[in-house]
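Try each task before you read its solution.

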Amino acid sequence: MKPVDPTLLSTDRFLKNIQGNTLKGHGRDYTTHIFVRFRVNRGKTTKEWIRTFAENHLTSIKKQLEEREAFKKDKKPGNLFASFFLTSSGYEVLGFNDVHKRFKDEAFLKGMKLRKGELNDPDSRRWESGFRTRIDAMILLADDDKNRMGEFAKELIDTLSTFCSVCGVEYGNAIRNSAEKGIEHFGYVDGTSQPLFLKEEIDEYYKLHNIDISDPKSAPDFDPSADTDLILIPDPYAEQNDSKPALGSYFVFRKLEQNVRQFKKAEEIVGEDLFPDLGQESKRELAGAYLVGRFEDGTPVMLDDEDSIPNSAEYNNFNYSKDLSEGRCPHFAHIRKVNPRTSKSSEKMMARRGIPFGMRSVDTELEPIMQQMPEAGVGLLFMSYQASIVEQFEHVQKKFSNDPSFPEKNTGIDPIIGQSVGSHMDRTYQFPKTYGTASPSIKASFRQFVHMKGGEYFFAPSLTFLKTVV
Ligand code: HEM
């Protein structure tokens, strides 16, 4: 394991050539995603525009990390952040005819529309209109200054429209709970468990969890430190040079709509059925924690009161080896399905970089009541970077979340993101009746409240490629 230390000069060239948001999230509160389709006869102009945009606006991971340091030191806000992504059709329209030879990932080569059979996705004819057509590229803008980003996006869309078609624009905006932690729309803190690549982040993780890595007796129960090759691969179209590697990453984008009011209602009903003796709020909270694997504030349901861990909301140093009978965290819980925390499943981890979409009439920081929760128009723009879409994102969605027999027979489909063919999938689950004790367990059902509205598979090329593309 070689953690990346950006303070070392030797990492400079490598980090300057990789796009930002990869080894660490950009951390901005607002995003704009512009989806474009190139015109076949405008290849030269398009490439010229890509070179200029890369030179003037794209943010390298090096620059992103420098801006973060400046913010930590003297609160200097970061600049507008920008990234650029291509689909396999995008490469082809730009004249790269051997894309099928250069890229190995079948999912990337086919695109998300043709992979619906793998993932049980709805037919692309039923996706939102912007995603139904061929998409060649996506530009991601991110900023804490919403107006600055809005102005920039407006000019950019204007310029792009002169030589290609803008097929859709999506907007993300971070939302927070009353403790000011970033959450997703169902109200759960999100983004806690990530693969960590940077030395500083890994050291922080060990410190937070009281792990002395030099002492074999204090070995972590879960170690998220990862090599960069978990998400980075040599850019197939950039000249490779040992002293100046040019790396890129496969990128998944999925628009997932969440029916918040019905989800919260269902949590309440399950809580009422299962734990009639608990208080009103505790019933719902425990039902939700069993479904997600963490309480809303982020505390893992694996942690017992007796574990009494400070900062339990950020706690991540656990695995399920002491809970094989699933008395604490059911096998079907979202986080246990998508990452069973075995050495094999750690290879499937992705750098998740999602952001919620849709505006709420009542701010989530005010803890809205049921009647104030939306039933549509909000959700998650799920995004992830990985070295292989087939082996990471698709494996997790298909072989973990969608498979009711994973990790064991009768586990059930992932109650948050599991997708089945049609709507006949049995969505009943065995919940532990008493926390910590697997039996007796009680059955309760839980419908699907997350719906896929469209998306695409991309590659985030190296900056070396984008600055020189001809
Ligand atoms: C609207 C859809 C989704 C919601 C509401 C959601 C919610 C959450 C929450 C609350 C967490 C716990 C916080 C954390 O550890 O970061 C989490 C973790 C996670 N989610 Fe999701 N998620 C969604 C979609 C997805 C999708 C599409 C995937 C991949 C196919 C995914 C994969 C993961 C992974 C890998 C983790 C970390 C698990 C761990 O390492 O313990 N999620 N999600």
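A residue is buried if 20 or more other C-beta atoms lie within 10 Å of its own, exposed if 12 or fewer, and partly exposed in between, with C-beta atoms placed from the backbone. This is a predicted model: local features need pLDDT of at least 70, side-chain atom pairs count only at pLDDT 80 or more, and totals for chains, interfaces and linings use all residues. Residues are numbered from 1 along each chain as its sequence is written.

**Exercise 1.** Find which residues point each way from strand β3.

*Solution.* Strands (E, at least two residues) and helices (H or I, at least four) are DSSP runs, numbered from the N terminus. Ala137, Ile139, Leu141 and Asp143 point one way from β3. Met138, Leu140 and Ala142 point the other way, and all are buried. Because seven of the seven residues of β3 (137-143) are buried, the strand is largely enclosed by the rest of the structure.

**Exercise 2.** Identify the strands that run antiparallel to β3.

*Solution.* Two strands pair if DSSP finds at least two bridges between them. Start with β1 (residues 30-38), which pairs with β3 in the antiparallel sense over seven bridges; here threonine 31 stands opposite alanine 142. Next, β2 (residues 81-86) is joined to β3 by six bridges, also antiparallel, and leucine 86 stands opposite alanine 137.

**Exercise 3.** List what phenylalanine 251 touches beyond four places away in sequence.

*Solution.* Contact requires C-beta atoms, placed from the backbone, within 7 Å. By that test Phe251 touches Phe85, Met383, Tyr385, Phe458, Phe459 and Ala460.

Notes
Two residues are in contact if their C-beta atoms, placed from the backbone, lie within 7 Å.
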